[in-house]
2 protein chains.
Amino acid sequence: MNKKIRAIQFGCGAIGSAVAKLSSRRSNIELVGAVDIDKNKVGRDLGEIIGMDGKLSILITDDVDKILAKTKVDIVFHQTSSSLKMAAPQLIKLLGHGVNVVSTTEELAYPFPAQRELSAAIDKVAKANQVTVLGTGVNPGFLMDSWPLFMTAVCQDVEKVRVIRVQDARPRRLPFQKKIGAGCTPNEFQKLVDTGTLRHVGLTESIAMIAGGLHWKLDNVTETIEPVIAKEKVQGSDITVEPGQVAGVRQIGRGLRGNEEVITLEFVAFLGAPESYDSVYITGIPSVEVSIRGGIHGDIATAAIVVNAAHRVVEAPPGLLTMKDLPMVVCTAKV
Amino acid sequence: MNKKIRAIQFGCGAIGSAVAKLSSRRSNIELVGAVDIDKNKVGRDLGEIIGMDGKLSILITDDVDKILAKTKVDIVFHQTSSSLKMAAPQLIKLLGHGVNVVSTTEELAYPFPAQRELSAAIDKVAKANQVTVLGTGVNPGFLMDSWPLFMTAVCQDVEKVRVIRVQDARPRRLPFQKKIGAGCTPNEFQKLVDTGTLRHVGLTESIAMIAGGLHWKLDNVTETIEPVIAKEKVQGSDITVEPGQVAGVRQIGRGLRGNEEVITLEFVAFLGAPESYDSVYITGIPSVEVSIRGGIHGDIATAAIVVNAAHRVVEAPPGLLTMKDLPMVVCTAKV
């Protein structure tokens, strides 16, 4: 960590902007480029696009090959899609250029059992080019997988792991409120579920990471999703939910051994949740109950963990790694 | 982790016994020897000494050189002394035999700033023999250092870290209650402090690990220790404390940058504490408040973390490592 990490921002949406803003403030990182395919962003200054006061003197390009051919880059912060199928061609291209990648593609957080072939292809190109790729974020990547795994260090035995994340969505940004179905009728909610647009991506990956870390063999992994219906009128920052309308979502992932539910991840986000918190319950010797009061703000934390992971990824052995394999990621603001 | 880790138990006191009991139950570990200098233990069966129902067919020896010369050993669980000065000759001898070591010597958890020369000597012999040595335990090693560090992953910036560990000592074993001064007069307490026998060892090391992990330069580290005086009669498992007597201890370690207290570790253990808990308060972006309800039982957790760390230490690069540098230690009961 003696020299600065030269980084490119790939994807300048909400999360990518948060990552770029943070990395531009870090003294151990030098932001040297930015990529987005949006024609309205290409050619404009990154600082302007991500909502900074001043310019960053970095023009957004849509030509990845060109910028990587002419610029020395250590790492790419990749924030484009939740879907590994969508992201994989981008990742493979980046790795092929011999740059490390930290991606917030949720399905990359622990892709091995669900997407075996894509994982193997990504791992292969990373190793061939002697670089490392990590999928991370606050969830998946931390709250529902690496944090509970970390807490099992003090356990002589573990029987079950349960994690619950409850978020009051009232103060959150509108896209988040819409994403959880707030203001829909129950029928509209179901349609959004059926088309796959209303779903937190990552429960399956987090379950797989916990099971992988603990060397548990699961027989089945399931996910359910249902609306939280408002009992009374709820006012959000940008939206009002009437009684009987959907206030948000309750999504539960379950990992089963035989008929026994050994991993339970409960993602609850709705306007009017009386309290936000993140809790881990480990049943074992000893049992451990640990809670984050007020919960963790997703966007702020995801940007943090991506940027904090940068030097670990640069220093790591080549290949597709996950949070459970990397040495501890900590805040690197003072590095 | 395809083959069993062959382990020797070095030190068969309270913690060593807990470690040996746990490692003897683990299918990924094969306990192949035991060492203690106590003449009352030498020649007797380890299972009997550590309070197991059956024998382990392992005779305790006081001849480390002999057992390591004739036995193939991957790792030694080392539980003898809090003091690095006391433990260092043992550690150097073990490492010289080319075996990895997980030690609960508190001052080894992060020894670099406080004991530079001893640390360098231990690191050197480990590297020369291509083996790894780790100092760990629940505290230091987890609750007041690696856990708060781990939680900073979600922070864009960190200004201060405060950890408080509160333990109601009523249900604990008598040696623990005596160690915290329970039942003493305030004068007797002060004498125990003055002779250095009443002191939780590790606050300085935990402060140094947090500062090291966050790349903070501290100007000063201080420790204070004071009695908690019983206001009313308190009944412990083996001891009764009268009003005006000492019920336990409050020890505070502080890490300062200039005059600013940026790290505060508060270790509180007394008979009659209304609640046991472990809490981390990170002041930053975002601030994080996280608590373990009921706290973590020290002996159970220390045995767990030592045995859980075994395969990480066997796989790690050579040298003197600390918890902040190792890939995540998790429960390995099902490995």
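**The sheet in chain B**

Reply: In chain B, seven strands make an open sheet with parallel pairing, in the order β3-β2-β1-β4-β5-β6-β15. Strands here are DSSP E runs of at least two residues, helices are H or I runs of at least four, both numbered from the N terminus, and two strands pair if DSSP finds at least two bridges between them.

Me: Which strands stand at the edges?

Reply: β3 (60-61) and β15 (319-321) of chain B; each has a single partner strand, so one side of each is left without a neighbour in the sheet.

Me: How many bridges join β1(B) to β2(B)?

Reply: Six, with the two strands running parallel. B:A7, for instance, has B:L31 in β2(B) as its bridge partner.

Me: Before I go on, what kind of model is it, and how is it numbered?

Reply: It's a predicted model, where local features need pLDDT of at least 70, side-chain atom pairs count only at pLDDT 80 or more, and totals for chains, interfaces and linings use all residues. Residues are numbered from 1 along each chain as its sequence is written, while chains are lettered from A and ligands numbered from 1 in the order in which they are written.

Me: OK, helix α1 of chain B. Which of its residues are buried?

Reply: B:G16, B:S17, B:A18, B:V19, B:A20, B:K21, B:L22 and B:S23. Buried means 20 or more other C-beta atoms within 10 Å of the residue's own, exposed means 12 or fewer, and partly exposed is in between, with C-beta atoms placed from the backbone.

Me: What covers them?

Reply: The cover includes β1 (5-10), β2 (29-35), α2 (46-49), β4 (75-78) and α10 (298-308) of chain B. Contact here means C-beta atoms, placed from the backbone, within 7 Å.

Me: Switching to the interface. How many residues of chain A are in contact with chain B?

Reply: 45, and they meet 45 residues of chain B. On the chain A side, the elements that give two or more residues are α6 (146-151), β7 (157-168), α9 (203-214), β14 (288-293) and α10 (298-308). By class, that side has 30 nonpolar, nine polar and six charged residues. Ala, Val, Leu, Ile, Met, Phe, Trp, Tyr, Cys and Pro count as nonpolar, Asp, Glu, Lys and Arg as charged, and the others, Gly among them, as polar.

Me: How does β14(A) join β14 of chain B?

Reply: By three bridges, with the strands antiparallel. A:S291 stands opposite B:S291 there.

Me: What domains is chain A divided into?

Reply: Domain 1 (5-137 + 300-321) and domain 2 (146-295), with bounds from an automatic or database domain assignment. Their centres, taken over C-alpha atoms, are 27 Å apart. Ten residues of domain 1 are in contact with eight of domain 2.

Me: Last one: is A:R257 buried or partly exposed?

Reply: Partly exposed, because A:R257 has 15 C-beta neighbours inside 10 Å. A:R257 lies in β11 (residues 246-257) of chain A. Leaving aside neighbours within four places in sequence, A:R257 is in contact with A:W216, A:L218, A:D219 and A:V262.

Note on methods
Two residues are in contact if their C-beta atoms, placed from the backbone, lie within 7 Å.
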